[in-house]
Amino acid sequence: MLSSSTLAFIAFVTFATAVGAQLSLSGLVDAVANSSVLSALAPSYDYVIIGGGSAGLALAARLSEDATKTVLVLEAGSSPHLSDPGVQVPGLAGSTFGSSIDWNFVTAPQAGALGRSISWPRGKCLGGSTALNLMVLSRGTTAEYNAWNSLGNTGWSWSSLLPFFKKAERVTPPTTNSAGLPATFSPGAHGTTGPVASSWPPYLSPQFVGFFTSMLASLIPPALDFSSGSECGVSWTPSTIDPVSRTRVTSFSAYISPILSSRTNLLIVTNALGTQINWAGQTSAGLAIAGGVSRSRSSPLALQALSQFATGQGILTQGIDLIAYLSGSSLLNSSDEAIAKSLIQQPGGGTSAKQLAMERQLYLGNAPIIELLPTNVYFGATQAVANTSYISLAACLQHSFSRGSIHITSTDPTLPPSIDPNYLAHPADLFFLSKAAQLLRKLATSAAMQPFIDVETEPGPSVQTDAEWSAWVKQSVRTDYHPVGTAAMLPRSDGGVVSSKLVVYGTSNVRVVDASIFPLHVSAHPQSVVYAIAEKAATMIAAA
């Protein structure tokens, strides 16, 4: 089952153990450039991590804190590109989509999107998607994590995860910005000594201030700190941007770079695709034991053109500094909300009855259903006009009732999977996005936004009725880069893949540690959630 935020991956980080000899190598090694050196790899390691992405590198750093344990990371992509402006410069976020550090995944044709196939950027380098993403930090709500816990995942409530959110973070509190507008900040919700630096924007563009003002005028209230477990309302957001160097923070720069030269029990191999888990028999209880991992040496990809999500000059002024999360009661009038409550009762395929019931409960309990955000990027469905300034207003569905899937297409692990997010398969999703788009037009035409908008280019004034809005949503819907849930943490009887200890059912020592274990989506940009999962996983694994 794939749950997808829609506007709406998963870096599979599997874990296997094999106790054995000490490392003969440490540091960072490229499998293509150092093939002869790699022949000297130690025969076994205490921990083998497949995938050096957001969770994989955080997990590697924490597990290797125990000097008596050896850790090997296999990363299919390349080095962290520390000198690449597209990675390092926050204003160039998006410019690496479609590049050699992107897996360049594309979905199957989507019936709900008029048969279009949609690009799904995912990071293929050390740092994974933290090297490509838009750097936003938010966590979701208390109710959403308590829902995880209620689905049979003891120890995954908001209060259980909060210490791990804080352990990962090193926050710099917000101060005065260019607009003189304060950000809501709850010091007790943040960590101050973790590896992942976070900060608020020192500069707020006037059009973002206008959007903020227009939402307040529409009776959308200021939100509490988005890290506090309560997200309904509008607020400035922190990002993974180092407040001193003003550069992007990735899982590599945060967790690995400070310790790589001194951590002699840690070896990271790039351009090494994990191809197979090798099994070493069973436990007395009949559980499969992972005894090793096969890998192949991969060749670096050629640089490709930018995808549709990073066209034009807009990438030079990227910034997601302002976000509003709206519940159904905030988004809809009373008659529309009655329709929504009827729509969410319709069956949903590809998910357990308990998960679907919990999604309904979250909606009825006023969990955020839509995220609204302005960006200085052209996100239209057609081609941007050269030398033209754009602002895009995005509506991102946080709790989709549609469910998709990801499946292998071959026994060849180098071939891409078949990705079918099944966009807009459930009528509630189309309804919510259509209503959110109409709200965005209302905000765009407010007095506070008039100084910044000359003309609406998409969808344009011809779109007026509910049916026309729905048709336009089908024409323009795309990913907001936050799919989750293909290896859901649930009881096995409910279709789960991993237990609450993140162990794959039927095995004794294989774990999944990444966004694929989400049993339900959360109203958040998931990088902070993935870091918290990795921190919690490291604690559980070390104690096992």
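Modeller: Before we start, two residues are in contact when heavy atoms lie within 4.5 Å. Helices (H or I, at least four residues) and strands (E, at least two) are DSSP runs, numbered from the N terminus. This is a predicted model, in which local features need pLDDT of at least 70 and side-chain atom pairs count only at pLDDT 80 or more, while totals for chains, interfaces and linings use all residues. Residues are numbered from 1 along each chain as its sequence is written, and side-chain values use heavy atoms, with hydrogens and water left out.

Colleague: Thanks! At what angle do helix α2 and helix α13 pack?

Modeller: Axes are lines fitted to C-alpha atoms, for helices over the stretch in contact, and angles run from 0 to 180 degrees between N-to-C directions. For α2 (residues 54-63) and α13 (residues 527-543), the axes are 9 Å apart and the angle is about 35°.

Colleague: Is the crossing of α2 and α13 left-handed or right-handed?

Modeller: A crossing is left-handed if the near helix is turned anticlockwise from the far one by less than a right angle, and right-handed if clockwise. The way α2 passes α13 is right-handed.

Colleague: How many nonpolar residues does the contact of α2 with α13 have?

Modeller: From α2 come S54, A55, A58, L59, R62 and L63, and they meet V530, Y531, A534, E535, A537, A538 and I541 of α13. Ala, Val, Leu, Ile, Met, Phe, Trp, Tyr, Cys and Pro count as nonpolar, Asp, Glu, Lys and Arg as charged, and the others, Gly among them, as polar. Besides one polar and two charged residues, the nonpolar count is 10.

Colleague: Which residue forms a salt bridge with R62 at 2.8 Å, N to O?

Modeller: A salt bridge is a side-chain nitrogen of Lys or Arg within 4 Å of a carboxyl oxygen of Asp or Glu, and by this rule there are nine of them. R62 is also linked with E65, K167 and E535 in a network of such bridges. At 2.8 Å, N to O, the partner of R62 is E535. The pair links helix α2 to helix α13, 473 residues apart, through R62 and E535.

Colleague: Are R62 and E535 buried or exposed?

Modeller: Here buried means under 20% relative accessible area, exposed over 50%, and partly exposed in between (1.4 Å probe, protein chains only). R62 and E535 are both buried.

Colleague: Why does the salt bridge of R139 and E169 tie together parts that are apart in sequence, and by how many residues?

Modeller: The closest N and O atoms of R139 and E169 are 3.0 Å apart. Because R139 lies in the loop between β6 (119-120) and α4 (142-150) and E169 in strand β7 (residues 169-171), the pair spans a separation of 30 residues.

Colleague: Is E456 buried or partly exposed?

Modeller: E456 pairs with R441 in a salt bridge, closest N and O atoms 2.8 Å apart. R441 has 17% relative accessibility and so counts as buried. With E456 at 28%, the class is partly exposed.

Colleague: Where does L424 lie?

Modeller: L424 is not a glycine, yet has a positive phi of about 60°. At 11% relative accessibility, L424 counts as buried. Its place is the loop between β17 (418-420) and α11.
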